[in-house]
Amino acid sequence: MSGAQPSDLHLDFETRKQLTQHLEQIALAASGWTLWTRCFELIKLQRKDITLDVTMLDGVLKSYLANETLTMSDRASYFEIFLSNRKGWQKKVDKGQWEVDLRSNHYKIYPRPEMLACDNFFWMLVWIKWLEFFHYGRTLHPNDFLFPVMGANSVVHPGQPISHDTVQKWINESTAGAGILGNFSTHCFRRGGAQYWFMFAPVGQRWTLAKVRWWGGWAEGEHRDTLVRYLLDELHAYETDYSDALAPISCGADVSLAGEHALARPASTEELRMVHASVAADVNCLRNDISSVNNSLRSLTNVVVQAACTTATALQHPDSSQFSVVSDSSCTETPSPPYAPPVGGPVASKIATSHSTHVKASSPSARITSRQLPTPGLVIPRVPVLRPNGTTNPKTKSWKDIVTHWLVGDPDQGLTTLLKDWPREWYQGANQQFASKYHQRATIALEFINQYDSNEARFLAAYPEADIRKLT
């Protein structure tokens with residue numbers, strides 16, 4: 001969904017079929033739990049029963065899909081659903097009483113990103129878009145069912161609603177897959193939604209019995225017994241459940257409505273002690289992490305300072321004596337042109353194309369010998385570096401080893417001449433087996449030094465993958 005248009009996506013038959021089944025199932029479940037509908041009320045819902053501003057809500061949906069935080073204006077957006085087949089509404093219509101209550105069965109659905117799994121606002125909009133783009137190739141018609149049946153050939157039939165048996169099959173598959181014991185009917189959405197808002201919602205968000213009765217649309221003479229069965233009997237069972245009697249902090253569900261006092265009362269001394277112990281442990285872990293970071297920064301600072309001193313000395317005293325493996329006799333000194341690193345693309349891509357780039361010596365002021373050294377006298381250490389004591393540097397520090405080899409060298413590994421001072425003939429001609437490695441090292445070291453001013457934080461921010469695991 002990151003900027004791609006539906007026409008750009010190519011789905012095979014089975015993938016589209018499975019996605020359609022899953023999206024329809026979750027959109028139906030979110031709607032049933034939010035609206036507390038009976039199954040026959042929900043599956044008969046049609047496009048004409050929903051009032052929405054497509055232009056405005058498309059912007060909110062894009063924010064959802066981009067994983068952006070919704071603004072206050074976005075949170076105030078809504079669409080409206082009219083449950084024309086609500087059982088209580090039908091009784092009023094039969095009695096000619098519908099005029100006295102024109103707002104019954106009209107529900108405004110707002111975004112609830114903090115409860116995404118049952119966010120009716122999000123899943124209904126996604127489901128409508130899916131039908132329009134991937135099945136119909138048009139906007140929904142007023143009489144199209146919102147939860148249509150899909151044939152075995154993956155064809156969706158907009159004029160035929162999904163069956164009660166299919167919804168029950170989805171519930172059975174979901175509970176079995178989640179390892180939930182017991183049998184649940186299609187009525188579980190209606191009962192579960194009512195119980196949540198009456199007794200399980202966060203403190204301050206729970207609904208009164210009057211609001212529960214209105215939202216559930218219970219018919220006159222029906223709601224009292226039903227509410228007692230749905231809510232009060234369940235509440236009594238919850239408040240007399242002592243299965244957590246041994247818990248460190250007891251919920252005390254029998255002391256107040258649904259144990260609300262446990263969330264609102266002041267913390268006890270023992271509870272504060274437990275919280276303090278937990279926070280102290282977290283702080284100690286954080287202190288250790290900070291100490292480790294400080295040690296790494298000190299090591300980097302030492303390397304950078306040493307590199308700067310070496311470079312300054314080389315520039316002030318350019319002579320051939322720094323090349324310890326080069327004979328002082330019969331040497332003709334010629335200036336070497338500067339090395340120009342390739343521009344653009346991450347370090348990994350530069351390494352991959354290194355064979356086609358001509359690498360030259362880095363310092364225009366350095367003087368080198370044209371005499372070709374024998375191959376046995378050359379070495380470019382492998383990374384991660386294996387030390388004489390048998391230990392290996394962490395792979396995450398391979399790029400640092402490369403920078404050190406470029407600026408400082410590594411006599412322990414046989415690199416007595418800094419890589420930046422290598423003449424061209426040391427990695428060309430008879431020694432071309434070193435060209436690839438030299439090019440890799442030069443690309444990384446010079447980019448760190450020149451483009452990022454030897455700033456480790458900037459370099460790692462640009463290349464978080466600087467683990468260089470592929471260099472050997």
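Predicted model: local features only at pLDDT ≥ 70, side-chain atom pairs only at ≥ 80, totals over all residues.

Trainee: Which residues have the most contacts inside the largest nonpolar core?
Mentor: F79, I81, M124 and F147. That core has 57 residues. Helix 6, residues 120–136, gives the largest share of it, with 12 residues.

Trainee: And what lies apart from it?
Mentor: Another core, of 25 residues. W399, L407, W426 and Y463 are among them.

Trainee: Switching to charges. How many salt bridges are there?
Mentor: The count is 8. One of them joins K400 and E456, at 3.2 Å from N to O.

Trainee: Where do those two sit in the chain?
Mentor: K400 is in helix 14, and E456 is in helix 16, residues 456–462. They are 56 residues apart, so the pair links distant parts of the chain.

Trainee: Buried or exposed, that pair?
Mentor: K400 and E456 are both buried.

Trainee: What about D144 and R138?
Mentor: Their side chains form a salt bridge too, 2.9 Å from N to O. D144 is buried, at 7% relative accessibility. R138 is partly exposed, at 27%.

Trainee: Which residue does D453 pair with?
Mentor: R458, with the closest N and O atoms 3.3 Å apart. D453 is exposed, with a relative accessible area of 55%. R458 is partly exposed, at 38%.

Trainee: Which residues are linked in a network of salt bridges?
Mentor: R75, R112 and E114.

Trainee: Now cysteines. How many disulfides does a search of the whole structure find?
Mentor: 0.

Trainee: On to the surface. Which residues form a nonpolar patch there?
Mentor: V275, V279 and V283. Together they have about 230 Å² of accessible area. V279 belongs to helix 12, residues 269–316, and is partly exposed at 45% relative accessible area.

Trainee: Last one. Where is L378 found?
Mentor: In the loop between strand 7 (367–369) and helix 14 (398–407). L378 is buried, with a relative accessible area of 8%. From L378 to Y427 is 49 residues in sequence, and 9.1 Å in space, C-alpha to C-alpha.

Definitions and conventions:
Residues numbered from 1 in each chain as written. Heavy atoms only, no water. Disulfide = S-S within 2.5 Å. Helix = DSSP H or I, 4+ residues; strand = E, 2+ residues; numbered from the N terminus. Buried < 20%, exposed > 50% of the residue type's maximum accessible area, 1.4 Å probe, protein only. Core = buried A, V, L, I, M, F, W, Y, C linked by side-chain atoms within 4.5 Å. Patch = residues over 30% accessible without salt bridge, like charges linked within 9 Å, V, L, I, M, F, W, Y side chains within 5 Å. Areas by Shrake-Rupley, 256 points an atom, 1.4 Å probe, with all protein chains shown as cover. Salt bridge = Lys/Arg side-chain N within 4 Å of Asp/Glu carboxyl O.
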